[in-house]
Amino acid sequence: MKVDQMVMTAAAMRASDIHLICGLPPKIRVDGILQDLTSDVLSDDDCKKIAEKLAGEHYDSIRDIGELDMAASIGGERVRINLFHQRGHISAALRILSNHIPEVEELGLPKAAERFANYRKGIVLVTGETGSGKSTTLAALLNRINETRAEHIVTLEDPIEYLYEPKKSIINQREIGTDTRSYEDGLRAVLREDPDVILIGEMRDLTTIETALTAAETGHLVFATLHTNSAVDSIDRMVGVFPEERQPQIRMELSTTLNAVLSQQLLPRAGGKGRILAAEVMIVTTSIRNLIREGKTPQMHSAMLTSAAEGSVTMDNFLLELAADRKITPETALEACNDTDYMKKKFMF
């Protein structure tokens, strides 16, 4: 089966990913579960030919670097591609991206998150593990701004996933490795490009976090992602990147610029068909700003519980709502929660 046929077939089966590995049949991930796409085992030559077709003129760079990230349209679908060497063979991991940017309200986010596109400055973090839908959430938020405000949006992505059609806003999408050499170079230039809204695909290190803080302090709205599992963990992750002597200053800057943190995960729906978003939102209130500044992150969970009127909701309480509405099973809620004792008491396990 040719790669474009694989992508078309996988997309028709609602697969999120395709894995092509020498010695195994092509695999797809549907609703988070891996399964065979076909029974044909891929040879080393099959994998090389697929990699050559996918990489095109960039194929030689795989040999030099060891891996290659890119995005392309294949079989009518937008696909994120990662090609890499393993045990002397080339493997491919393909993420099938939606051509449709959903409306914010379609995602099932907490109500407070639907207001993030109304912010004019500051930082909004979207966190979660790989495959938790962060890119889709950010795309929906940016597209809401695009539809409602005359702004200049600049994105730094690795690689570009969703493609925007300029409406009220103008949009420049810059891909790492193609349009700029690195996040560091792209971020160094972004503040000279007259942006109103900046998307940082991933805050990976001190430089990206520092630039995000600077951009927010100078009146820009910054959206960024982190690979953390909770809103509170995100604070410690950002601060912990910096040397100890700089951490008080970073806490101060973060306390004045951070607007909100959205942490999300995708869970199997009750009944076994499809997945549903579970999320927590931390709206940064005055009390939470004080806790950030004072380094009292363990107390933020309690502060989130007492700021429900402002829109904050913990992951565990959101899971309880999903279970009460029978959108997920109690067992799924227990597996996905942060406090198992709390959840067991609620479900009387």
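Modeller: Start with strand E1 (residues 15-20) and strand E2 (residues 27-30), which run antiparallel and are joined by 4 bridges. Alanine 15 stands opposite valine 30 in E2. This is a predicted model: local features need pLDDT of at least 70, side-chain atom pairs count only at pLDDT 80 or more, and totals for chains, interfaces and linings use all residues. Residues are numbered from 1 along each chain as its sequence is written, and side-chain values use heavy atoms, leaving out hydrogens and water.

Biologist: What makes E1 and E2 paired strands?

Modeller: Strands (E, at least two residues) and helices (H or I, at least four) are DSSP runs, numbered from the N terminus. Two strands pair if DSSP finds at least two bridges between them. E1 and E2 have 4, so they pair.

Biologist: Which sheet holds them, and what makes E3 and E4 its edges?

Modeller: An open sheet of 6 strands, in the order E3-E2-E1-E6-E5-E4, with antiparallel pairing. Strand E3 (33-36) and strand E4 (67-74) each have a single partner strand, so one side of each lacks a neighbour in the sheet. Neighbouring strands are turned by 25° against each other on average, direction ignored. Helix H1 (residues 3-12) lies across E1, E2, E4, strand E5 (77-86) and strand E6 (89-97), at about 145° to E1.

Biologist: What is the order of the sheet with 7 strands?

Modeller: This open sheet runs E9-E8-E10-E11-E7-E12-E13, with mixed pairing. Its edges are strand E9 (170-175) and strand E13 (275-283), each pairing on one side only. The twist averages 15° from one strand to the next.

Biologist: How do you know that E12 pairs with E13?

Modeller: 9 bridges join strand E12 (residues 258-268) to E13, and the two run antiparallel. At least two are needed, so E12 and E13 pair. One example: glutamine 265 has alanine 278 in E13 as its bridge partner. Helix H4 (residues 134-148) packs on this sheet, and its direction makes about 170° with that of E11.

Biologist: Which residues of H6 and H8 meet?

Modeller: Leu213, Ala216 and Glu217 in H6 meet Ile250, Glu253, Leu254 and Thr257 in H8. Contact means heavy atoms within 4.5 Å. By class, there are 4 nonpolar, 1 polar and 2 charged residues. Ala, Val, Leu, Ile, Met, Phe, Trp, Tyr, Cys and Pro count as nonpolar, Asp, Glu, Lys and Arg as charged, and the others, Gly among them, as polar.

Biologist: Why are H7 and H8 called oblique?

Modeller: The axes of helix H7 (residues 231-240) and H8 cross at roughly 135°, coming within 9 Å. H7 and H8 are therefore oblique to each other.

Biologist: Last one. What makes the protein as compact as a globular protein of its length?

Modeller: The protein has 13 helices and 13 strands. Its radius of gyration is 21 Å, close to the 20 Å that the globule rule gives for 349 residues, so it is as compact as a globular protein of that length. The radius is taken over C-alpha atoms, and the rule is 2.2 Å times the number of residues to the power 0.38.

Notes
Axes fitted to C-alpha atoms, helices over the stretch in contact; angles between N-to-C directions. Parallel < 35°, antiparallel > 145°, perpendicular 65-115°, else oblique.
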